[in-house]
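Please open the model in your viewer and keep the selection tool at hand. This tour moves from one selection to the next and says what is found at each stop.

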Amino acid sequence: MSDTLNQLAAIIAARKGADPATSYVAQLFQRGLNKILEKVGEEAVETILAARDVEQGADQAKLIHETADLWFHSLVMLAQLDLGPEQVLAELERRFGMSGLDEKAARGK
């Protein structure tokens with residue numbers, strides 16, 4: 001599974017220097033972090049709405065599609081900040097065996 005994320009992250013990183021006229025990702029990078037964050041927020045809202053719709057009987061395909069968009073734009077955000085999925089996956093791995101309540105308390109939240 002992480003191979004897919006790593007491959008996608010590599011493609012996204014490679015598009016940092018691409019021509020914005022031919023690459024959506026290059027356009028996002030050219031527009032800067034605020035535009036990327038806008039897209040992450042937009043995709044998060046669409047994911048939330050799709051999840052609510054699934055709970056009410058809608059097709060799960062839309063939720064999967066919106067979640068993929070959210071993950072994709074999150075990877076673009078990470079790449080803009082010179083980060084990648086490996087840091088996120090390492091953090092998730094670190095949390096294995098730890099209660100979610102304990103992890104949250106350790107963050108002071």
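On a 1 Å grid over the protein atoms alone, a pocket is an open set of points with protein on both sides within 12 Å along at least five of seven lines, where a 1.4 Å probe fits, and its lining residues have an atom within 4 Å of a point. Grid points are joined across faces, edges and corners, and a volume is the space filled by probe spheres set on the points. In these terms, the largest pocket holds about 320 Å³ of space.

Before selecting anything, note that this is a predicted model, in which local features need pLDDT of at least 70 and side-chain atom pairs count only at pLDDT 80 or more, while totals for chains, interfaces and linings use all residues. Residues are numbered from 1 along each chain as its sequence is written, and side-chain values use heavy atoms, with hydrogens and water left out.

**The whole chain**

Show the chain as a cartoon: it has six helices and zero strands, where helices (H or I, at least four residues) and strands (E, at least two) are DSSP runs numbered from the N terminus. The C-alpha trace spans about 45 × 35 × 25 Å along its principal axes.

**The pocket**

Next select Leu5, Trp71, Val88, Leu89 and Leu92, which lie nearest the centre of the largest pocket among its 12 lining residues. The elements that each give two or more residues to this lining are α1 (2–14), α4 (60–80) and α5 (85–95), and α4 gives the most, with five. What classes of residue make up the lining of the largest pocket? There are 10 nonpolar, two polar and no charged residues, counting Ala, Val, Leu, Ile, Met, Phe, Trp, Tyr, Cys and Pro as nonpolar, Asp, Glu, Lys and Arg as charged, and the others, Gly among them, as polar.

**α3 against α4**

Two packed helices are described by the angle between their axes and the distance between the axes. Axes are lines fitted to C-alpha atoms, for helices over the stretch in contact, and angles run from 0 to 180 degrees between N-to-C directions. Select α3 (residues 33–55) together with α4: they pack at an angle of about 160 degrees, with axes 8 Å apart, which makes α3 roughly antiparallel to α4. Angles under 35 degrees count as roughly parallel, over 145 as roughly antiparallel, 65 to 115 as roughly perpendicular and the rest as oblique. The residues of this contact (heavy atoms within 4.5 Å) divide into 12 nonpolar, six polar and six charged.

**α2 and its two partners**

On the α2 side, the contact is made by Tyr24, Val25, Leu28 and Phe29, and on the α4 side by Phe72, His73, Val76, Ala79 and Gln80.

Finally, compare α2 with α3, where the angle is about 120 degrees and the axes are 5 Å apart, so that α2 is oblique to α3. Here Tyr24, Leu28, Phe29 and Arg31 of α2 meet Leu33, Lys35, Ile36 and Lys39 of α3, a contact with five nonpolar, no polar and three charged residues.
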